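I opened the model today to look up its overall build. My notes follow the display.

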Amino acid sequence: MRRMRSEVITVRTGSRPTVLDITAEAERFVSGQGDGLLHVFVPHATAGLAIIETGAGSDDDLLRAIDDLLPTDDRWRHRHGSPGHGRDHVLPAFVPPYATLPVLDGRLQLGTWQSVCLVDPNGDNPSRQVRFSFLPG
């Protein structure tokens with residue numbers, strides 16, 4: 001019987017909103033694992049995961065779109081933390097804290113320009129955990 005394999009890594013996101021590419025870490029985790037599914041989960045109430053292009057401005061565009069959609073102003077009822085922090089708690093409804101990806105022959109099956117990215121608008125928490133879980137096929 002094949003069993004699910006799981007591991008938690010810690011990544012540094014810093015004190016400013018960020019989109020952090022974690023594709024290399026995900027690829028290392030599934031390397032040599034054969035066929036199956038990789039589930040990536042961020043166990044935080046103020047962070048999410050996105051499969052997007054990075055390096056060509058899309059990561060900055062995503063942060064700008066989050067700011068446009070969820071401004072850091074005083075409209076939020078959730079008020080602890082930095083000003084506007086309540087919007088960070090709404091983020092996972094728009095950028096979910098999980099993603100599931102196909103793996104074939106130990107390799108992620110991402111499109112040419114796709115990357116697995118941690119989206120963290122919350123500068124109050126400079127480091128985050130990410131759980132990788134591989135379910136063999």
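I started with burial: 39% of the 137 residues count as buried, meaning under 20% relative accessible area, with exposed over 50% and partly exposed in between (1.4 Å probe, protein chains only). I note that this is a predicted model, where local features need pLDDT of at least 70, side-chain atom pairs count only at pLDDT 80 or more, and totals for chains, interfaces and linings use all residues. Residues are numbered from 1 along each chain as its sequence is written, and side-chain values use heavy atoms, with hydrogens and water left out.

Next, the surface. I read about 7,800 Å² of accessible area, 50% of it on carbon and sulfur atoms (Shrake-Rupley method, 1.4 Å probe).

Then the fold. I found 3 helices and 8 strands, which are DSSP runs (H or I, at least four residues; E, at least two) numbered from the N terminus. The order along the sequence is β-β-α-β-β-α-α-β-β-β-β. The radius of gyration is 16 Å, close to the 14 Å of the globule rule for 137 residues, so the protein is as compact as a globular protein of that length. That radius is taken over C-alpha atoms, and the rule is 2.2 Å times the number of residues to the power 0.38. The C-alpha box along the principal axes is roughly 50 × 30 × 20 Å.

I checked contacts (heavy atoms within 4.5 Å). Of those between residues at least 6 apart in sequence, 82% join residues at least 24 apart.

Last, one residue. Asp105 sits in the loop between β5 (98-104) and β6 (107-108). Its phi is near 50°, positive in a non-glycine residue. Asp105 counts as exposed because its relative accessibility is 65%.
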